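Take a look at the chain below.

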Amino acid sequence: KWHARYRELMKYKADHGDCNVPQSNKTLFRWVGNQRSARRKDKLSKDRVQKLDNLGFNWRNAPKKRADKGPEETRMTAEV
């Protein structure tokens, strides 16, 4: 199940250029939040952290209103 969601996140990034999944994509949005939470609690394996890091995963919560930000501002947030 984890790998299926990871592949879904890879596709999302390929289509949108970042890993900041909007709330409208309920299942993937929830999964992304769960990964952040698991890492904070030190319950995410090093292998999974590395895979998400390699994908450019944003460990901080994504901007709430991404549509209000310009492309440059969104890109900078994703890289932090």
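From the N terminus on, the protein chain runs α-α-α-α. That makes four helices and zero strands. Helices (H or I, at least four residues) and strands (E, at least two) are DSSP runs, numbered from the N terminus. This is a predicted model: local features need pLDDT of at least 70, side-chain atom pairs count only at pLDDT 80 or more, and totals for chains, interfaces and linings use all residues. Residues are numbered from 1 along each chain as its sequence is written, and side-chain values use heavy atoms, with hydrogens and water left out.

How much of the chain is buried? Of its 80 residues, 30% count as buried. Buried means under 20% relative accessible area, exposed over 50%, and partly exposed in between (1.4 Å probe, protein chains only).

Now turn to helix H1, residues 2-16. At 1.5 Å a residue, its 15 residues should span 21 Å. The expected span is 1.5 Å times one less than the number of residues. The end C-alpha atoms of H1 are 21 Å apart, which agrees.

Which residues of H1 are buried? They are Trp 2, Tyr 6, Leu 9 and Tyr 12. Seen down the axis of H1, the buried residues fall within an arc of 115°, so they line one face of the helix. The arc is that of the directions from the helix axis to the C-beta atoms. An α-helix has 3.6 residues a turn, so residues three or four places apart point the same way.

The buried residues of H1 pack against helix H2 (26-40) and helix H3 (46-55). The face turned away from the buried side of H1 carries the exposed residues Arg 7, Lys 11 and Ala 14. Just after H1, Gly 17 takes a positive phi of about 85°.

Conventions
Contact means heavy atoms within 4.5 Å.
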